[in-house]
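Please open the model in your viewer and keep the sequence panel beside it.

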Amino acid sequence: MSIEIKEIKKLNPLQLSQCIEISDNLFGKGYHSIKYFSRKDIVKILALKKNKIIGFFIGKNEVKNFVIDCIAIRKSWQRKNIGTKLTIFYFKKFLSSKDKVIAYAWKIKNKMPAGKINYKFGLKPVKNLGRIWKDNCNVSFKCTSYKNTCICECVKFSN
Ligand SMILES: CC(C)(COP(=O)(O)OP(=O)(O)OC[C@H]1O[C@@H](n2cnc3c(N)ncnc32)[C@H](O)[C@@H]1OP(=O)(O)O)[C@@H](O)C(=O)NCCC(=O)NCCS
């Protein structure tokens, strides 16, 4: 069975718990809440295999911009084009070529997991915002990368 990509306006309880599980594993427990995934003002696109969520894409509209808030793919499914498929779906369904798009990429130990995807969709780094998570890291969420201190930076991409 192939992978299904679809937008879901309201996640059901099982979908909510699967998204939280993926986020807890990748970013750390507590980074995303049920409240976050229940927000009505965000676009939620899921990648499903046999009805199990293997990845999600969250986008949101700001006054003048479209923002890619988060892309997350289960570890065993990474580098299999799922993140690209989710982003293609978003660009096709929600954006036109004139739209301004912003993405925030997580930078750790000089690596940016989402960097390539951003470049593929015409986004370039415009500003390193630094350690934007440092006040919350290991406080409001249990960061998977915390090493006595917050070590992650955030790089803003735009077209
Ligand atoms: C980053 C992430 C969303 C990419 O999704 P994916 O399905 O694995 O990516 P794709 O298979 O579509 O690959 C897209 C490109 O990104 C590259 N890539 C994927 N994961 C990468 C990683 N961890 N580091 C560097 N490059 C990576 C691929 O090699 C590919 O490049 P190519 O087109 O030149 O071959 C996914 O790996 C993930 O969830 N990572 C952990 C969470 C994360 O960092 N999310 C981004 C938060 S800003």
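Helices (H or I, at least four residues) and strands (E, at least two) are DSSP runs, numbered here from the N terminus. Residues are numbered from 1 along each chain as its sequence is written. This is a predicted model, in which local features need pLDDT of at least 70 and side-chain atom pairs count only at pLDDT 80 or more, whereas totals for chains, interfaces and linings use all residues.

**The loop**

Select Lys50 to begin, which lies in the loop between strand S3 (42-49) and strand S4 (52-61). Most residues other than glycine have a negative phi. Lys50, although not a glycine, has a positive phi of about 50 degrees. Move on to Asn51, found in the loop between S3 and S4, where phi is again positive for a residue other than glycine, near 70 degrees.

Are these residues buried or exposed? A residue is buried if 20 or more other C-beta atoms, placed from the backbone, lie within 10 Å of its own, exposed if 12 or fewer, and partly exposed in between. Lys50 is exposed because it has 9 other C-beta atoms within 10 Å, and Asn51 is exposed because it has 10.

**The whole chain**

Now show the protein chain as a cartoon, which contains four helices and nine strands, following the pattern β-α-β-α-β-β-β-α-β-α-β-β-β along the sequence. Along the principal axes, its C-alpha atoms fill a box of roughly 40 × 35 × 30 Å. Of the 159 residues of the protein chain, 26% count as buried. If you compute contacts (C-beta atoms, placed from the backbone, within 7 Å), then among those between residues at least 6 apart in sequence, 63% join residues at least 24 apart.

The ligand is surrounded by 20 residues, of which the closest are Gln78, Gly83, Thr84, Pro113 and Lys116. Two or more residues of this shell come from each of strand S5 (65-73), helix H3 (82-94), strand S6 (100-108) and helix H4 (115-120), and S5 gives the most, with four residues.

**A last residue**

Finally, select Phe91, which is found in helix H3. Phe91 is partly exposed, because 18 other C-beta atoms lie within 10 Å.

How values were computed:
Near = placed C-beta within 6 Å. Contact = placed C-beta atoms within 7 Å.
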